[in-house]
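Colleague: I would like to go through the labels on this model one by one. Tell me what stands behind each.

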Amino acid sequence: MLVILFRTLSKLPLPVLHVMGAALGWFAYLASPSYRRLMRTNLRAAGFGRHLSAAIAESGKSITELAFVWCAPPDKVARLATDENWDYVQSVLDAGRGIVFLTPHLGCFEITAQQIALRTKLTVMYRPPKQAALKPLIEGARARHNLHLAPANLSGVRILAKCLKRGEPIGVLPDQVPQEGEGVWAPFFGRPAYSMTLPAKLAQMGNAEIILVYAERRPGGQGFIVRFVPFGEKLDGSAVQQASTINRAMEQLIARCPAQYFWSYNRYKQPGGVAAPDAGEKA
């Protein structure tokens, strides 16, 4: 049923989907006290409280646009996306180096992998959704030409490492809360957040280049700008220091269009089995 709904919505123009999404965002904000509290708390703590109204609308757009990104014909989706700074990416590929693309939950993050896969093979880490009904929809949308999925487990890590050693690019969402033993407490907008250690390990394992990428929504549903940004930092020191460096890079990206970040995500939750940050590591 959900697949049929998304395929039906995918036939609508993106501006219409974004208008519907903005309304959905406000409905969710007004209907759910916990959602409202989490979004307001995260925005204000990060210093972006003035963007609350815009962020509410953008959060809804991030849902309805999935019908277009996942189910519309790939060539139709590609026509509404413009790449910025791809020449830099191509120079790394031409040098035969692997690339770790880091994509935060910013803008239309689902379209970034599709855009990269139009130009080169890409393997991305994938964690199946908790709702079983979403699995065929998401996996069908993500496993397209040149786009391959690696499970979010040890087997998947090995697949990603092999890709890098062959000089192929991989993709990781660095601002997801990892499971116990897969992260460290590191500051994110001034608050301790349990953060992945995997991106740094993969980059060092394959002597790969880290490139940041996000897809900013154009106003009025006119499409997306997929921006490729050099990382420009060294991942030295401890795992906490490395995670802190990556978190700072994510903060800088988010500051470019703060209303489009996924502020309703519980980024600061404490995973089961993980000690509280005040009993853990120091950067």
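Modeller: Start with burial: a residue counts as buried when its relative accessible area is under 20%. This is a predicted model. In helix α10, residues 198–205, the buried residues are Leu-198, Pro-199, Ala-200, Leu-202 and Ala-203.

Colleague: Why is Ser-53 called partly exposed?

Modeller: Buried needs a value under 20%, and exposed needs one over 50%. Ser-53 has 46% relative accessibility, so Ser-53 falls in between and counts as partly exposed. Ser-53 sits in helix α4.

Colleague: Take α4 and α7 next. What makes α4 roughly parallel to α7?

Modeller: The axes of α4 (residues 52–71) and α7 (residues 109–117) cross at roughly 15° and come within 10 Å. Angles under 35 degrees count as roughly parallel, so α4 is roughly parallel to α7. The crossing of α4 past α7 is left-handed.

Colleague: Which residues make that contact of α4 with α7?

Modeller: From α4 come Leu-66, Val-69 and Trp-70. From α7 come Glu-110, Ile-111 and Gln-114. By class, the contact of α4 with α7 has 4 nonpolar, 1 polar and 1 charged residues.

Colleague: Now the rings. How many aromatic pairs does a search of the whole structure find?

Modeller: The search finds 13 aromatic pairs.

Colleague: Why is the pair of Phe-48 and Trp-263 called tilted?

Modeller: Planes under 30 degrees apart would be stacked, and planes over 60 would be edge-to-face. The planes of Phe-48 and Trp-263 stand at 50°, so the pair is tilted. The ring centres are 5.9 Å apart, and the limit for a pair is 6.5 Å. Phe-48 is in the loop between α3 and α4, and Trp-263 is in the segment after α11, 215 residues apart.

Colleague: How do you know that Phe-48 and Trp-263 are buried?

Modeller: The cut-off is under 20%. Phe-48 has a relative accessible area of 10%, so Phe-48 is buried. Trp-263 has 3%, so Trp-263 is buried too.

Colleague: What makes the pair of Phe-189 and Trp-263 tilted?

Modeller: The planes of Phe-189 and Trp-263 are at 50°, so the pair is tilted; the centres are 5.8 Å apart. Phe-189 lies in the loop between β6 and β7, so the pair ties together parts 74 residues apart in sequence. Phe-189 has 13% relative accessibility, and therefore counts as buried.

Colleague: Which residues form one aromatic cluster?

Modeller: Phe-48, Phe-188, Phe-189, Tyr-261, Trp-263 and Tyr-268.

Technical notes:
Residues are numbered from 1 along each chain as its sequence is written. This is a predicted model: local features need pLDDT of at least 70, side-chain atom pairs count only at pLDDT 80 or more; totals for chains, interfaces and linings use all residues. Side-chain values use heavy atoms; hydrogens and water are left out. Axes are lines fitted to C-alpha atoms, for helices over the stretch in contact, and angles run from 0 to 180 degrees between N-to-C directions. Helices (H or I, at least four residues) and strands (E, at least two) are DSSP runs, numbered from the N terminus. Angles under 35 degrees count as roughly parallel, over 145 as roughly antiparallel, 65 to 115 as roughly perpendicular and the rest as oblique. A crossing is left-handed if the near helix is turned anticlockwise from the far one by less than a right angle, and right-handed if clockwise. Contact means heavy atoms within 4.5 Å. Ala, Val, Leu, Ile, Met, Phe, Trp, Tyr, Cys and Pro count as nonpolar, Asp, Glu, Lys and Arg as charged, and the others, Gly among them, as polar. Rings of Phe, Tyr and Trp (its six-membered ring) pair if their centres lie within 6.5 Å; planes under 30 degrees apart count as stacked, over 60 as edge-to-face and the rest as tilted. Buried means under 20% relative accessible area, exposed over 50%, partly exposed in between (1.4 Å probe, protein chains only).
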